[in-house]
Structures are given as C-alpha cells and as structure tokens.
Amino acid sequence: MTLSIGIVGTGMMGRFHVERLASSVPNARVVAVSDVNVEGAKQVGERVGARAYSDGHELIGDDQVQAVLIASPGFTHEEFTLASLAADKPVLCEKPLAPTIDACLRVLEAEAAKPRRLVQVGFMRRYDSDFRALKATVDAGRVGRPLLLHCRHRNATVPPGFTTDMMITDSVVHDIDVTRWLLGQEIVAATVLKARPSSLAPEGLEDPQMVLLETAEGVLVDVESFVTCQYGYDIRYELVGESGTVALGEPPGVQVRAEGGYHGPIPADFRERFAAAYQSELEEWVSGVLDGRVVGPSAWDGYATQAVAEAGVESQTKGGRVTVELAERPSLYA
Ligand code: ISE
C-alpha cells in the first residue's frame with residue numbers, strides 16, 4: 001500500500017520533506033504540493049511528479065491526496081489543519097500547531113469531536129535515537145527519580161527577521177516538548193532571564209537567554225537559548241536524578257587527537273543534527289497512517305507547548321514568573 005501525500009508550503013521545510021518523502025520513505029508518494037509562490041511549488045512538484053496548487057485548500061480538497069503535511073508559515077497552520085480535519089485526512093503539521101493558545105484550542109475542539117486522532121505535530125526530537133535512549137534510561141529508573149534537567153539549545157545564526165519572542169516560540173518550543181515527553185508531566189510555570197546581549201547578535205535580538213521551567217511534580221528545567229552562538233548547532237541535555245545522571249552524547253563522527261588537541265564535528269544546523277530523526281518521523285507517520293493510526297506528538301502536545309511558550313514570552317516582556325493554566329484534557333488525548 002502507498003500513501004499519497006500533499007504538502008502545503010514549499011519553502012525550506014516543505015522542500016526538505018518533499019525530497020525525503022519522494023526519495024527515501026517507504027510506501028510514500030508525493031502527489032501534490034502547494035505554495036502562495038506557485039512558481040516555486042511548480043518547480044518542486046515537477047521534480048517529483050506532483051501537481052502544484054497556489055492554494056493549500058485546493059490541495060486538501062484534491063481527491064488523490066490521502067494525507068497532508070503542513071510546512072507553510074505558522075500563521076496558516078490553524079486553517080489548513082482545520083480543513084484537513086474537515087476532510088477527514090490525517091495531517092502532520094510542522095510546529096507550531098497554531099500560533100496562539102486560542103487557535104490551538106480550536107484545533108483541539110475540532111479533533112476531539114472525531115472518533116480517532118488525525119493530527120500529529122512535527123516535534124521531531126522525539127524520533128532522535130539519542131533522545132529516545134535518554135528517555136528509555138529515565139523510564140527504566142536507572143538514574144532514579146528526576147530532579148533537574150539542563151538543556152542547551154544553540155543555533156549558529158538565525159534567518160533575517162528572527163525576533164526575541166521567537167527564541168521561545170520557534171526554538172525553546174522543542175525543549176518544552178521534550179521536557180513534557182521525557183518527564184511525562186505538564187509544565188506549570190516559566191521564568192525568563194536575559195543575559196547581556198551578544199555583540200554578534202543582530203540589532204534588537206536579546207540573545208542569549210535562560211528559561212527556567214517548573215513541572216507539575218517539581219522538576220526544575222533550565223534551558224539556555226542562544227541562537228547566534230556562531231560556531232554550529234549544539235544541543236545538549238543532562239538529566240539529574242536521585243541516584244545518577246544521564247546526558248546526550250557528543251555528535252556522531254570521528255574525533256581527531258593530533259597536534260596537542262582534539263577535534264570533532266559539530267552539525268551546521270538542525271536539519272543536519274536531526275536528519276535521522278526527520279527520517280524516522282516521516283517513516284513512522286506514513287506506516288502508522290497506512291495502518292489507520294496517528295500516534296506521534298498530538299494536538300494536545302501542540303497546545304500545551306504553545307501555552308508554556310506564551311507564558312515564556314510574557315515573562316520575557318514583563319519579567320518574573322508566569323504560571324501556565326491548561327484547559328481540561330479531552331478524552332481523545334488520555
Ligand atoms: C528551528 O525553527 C527549529 O525548529 C529547530 O529545530 C530549532 O532548533 C531552531 O532553534 C529553530 O529556529
């Protein structure tokens with residue numbers, strides 16, 4: 001069986017997914033692509049034999065499209081996810097699920113009225129083998145009850161137009177999702193502190209920052225967000241438990257010890273660091289959908305993450321600790 005997929009958005013992430021789905025994901029076929037820049041969509045479509053639309057709604061309405069992948073800008077995610085739900089088509093939506101808490105709740109409400117889940121959010125770190133090993137170690141109780149989690153999230157640079165709030169809504173959202181998934185607890189408060197800005201950050205970008213998250217059971221999580229660190233894409237995690245610690249290893253590749261020093265590779269960006277995770281995310285999504293199941297990060301995960309991110313942005317702007325109040329969790333996400 002083959003899954004015929006339509007991809008909304010042929011910008012950087014859309015093209016990344018189209019190429020992977022068309023070339024290396026078993027049982028997947030890209031049959032349609034769409035973008036407001038229809039010429040760009042046509043070029044991408046031609047390479048993989050897919051039809052091109054200028055409007056994502058037409059793509060979702062295409063009878064040949066059995067499942068939808070949304071990689072258009074975040075402010076369009078709500079409308080395309082709701083349209084996919086209305087058409088009863090499984091949808092993998094890049095983060096954010098939607099750009100506001102209210103918009104996320106509208107998606108939750110629409111999906112919760114369905115008999116089964118259709119929406120998955122693109123939190124790809126959950127598919128990374130090292131993150132999975134970290135979670136398996138914690139779940140097996142090898143380091144005891146979790147107390148603290150240290151996270152570092154560094155990007156070499158950011159694209160033009162990247163603003164201070166995006167350090168939370170675009171970057172730290174991944175750490176928020178990993179925290180909830182790794183610990184199996186919701187986050188109840190966020191506090192953000194700004195370091196003195198790096199002179200290498202673009203004018204106005206208050207980089208770096210420290211984000212302190214508190215979970216429902218009292219685990220403290222510190223996230224360093226440094227989006228212009230210059231030297232590469234560097235993600236580090238260490239969980240401190242009552243009887244031990246577990247940390248992500250160094251990036252794969254060879255380490256050279258020579259001339260009085262040692263050197264190893266650092267990925268250039270998140271697509272390189274998480275290439276294998278994106279591959280597994282797509283493979284598992286496609287095989288799950290073909291089996292009639294959507295089991296990856298849910299619309300609830302997208303909503304809860306957005307709620308914490310908004311608390312973080314409020315702390316960024318007004319200062320102090322901001323608590324997170326979540327809506328009641330629909331039974332679909334039990
Ligand atoms: C980017 O949008 C991502 O999603 C990456 O995974 C993240 O690490 C990066 O900080 C974001 O800007």
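Which residues lie nearest the centre of the largest pocket? In this predicted model, the residues nearest that centre are Met12, Met13, Lys95, Asp170 and Phe270, out of 38 residues that line the pocket. The volume of the largest pocket is about 990 Å³. Two or more lining residues are given by each of H1, helix H7 (166-183) and helix H8 (270-273). The largest share, 5 residues, comes from H7. By type, the lining consists of 18 nonpolar, 13 polar and 7 charged residues.

The second largest pocket has a volume of about 480 Å³. Its lining comprises 28 residues, and those closest to the centre are Asp130, Gly249, Glu250, Pro251 and Arg273. Two or more residues each come from helix H6 (129-139), strand E7 (146-154), strand E11 (234-241), H8 and H9. Of these elements, E11 gives the most, with 5 residues. The lining of the second largest pocket divides into 15 nonpolar, 4 polar and 9 charged residues.

Two packed helices are described by the angle between their axes and the distance between the axes. For helix H1 (residues 12-24) and helix H9 (residues 275-290), the angle is about 65° and the axes are 11 Å apart. The crossing of H1 and H9 is right-handed. On the H1 side, the contact is made by Met13, Phe16, His17, Arg20, Leu21 and Ser24. On the H9 side, Ala275, Tyr278, Gln279, Glu281, Leu282, Glu283 and Val286 take part. The residues of this contact comprise 7 nonpolar, 3 polar and 3 charged.

Note on methods. Residues numbered from 1 in each chain as written. Predicted model: local features only at pLDDT ≥ 70, side-chain atom pairs only at ≥ 80, totals over all residues. Heavy atoms only, no water. Axes fitted to C-alpha atoms, helices over the stretch in contact; angles between N-to-C directions. Helix = DSSP H or I, 4+ residues; strand = E, 2+ residues; numbered from the N terminus. Left-handed = near helix turned anticlockwise from the far one by under 90°. Contact = heavy atoms within 4.5 Å. Nonpolar A, V, L, I, M, F, W, Y, C, P; charged D, E, K, R; others polar. 1 Å grid on protein atoms, 1.4 Å probe; cavity = no way out; pocket = protein on both sides within 12 Å on 5 of 7 lines; lining within 4 Å. Points joined across faces, edges and corners; volume = space filled by probe spheres on them.
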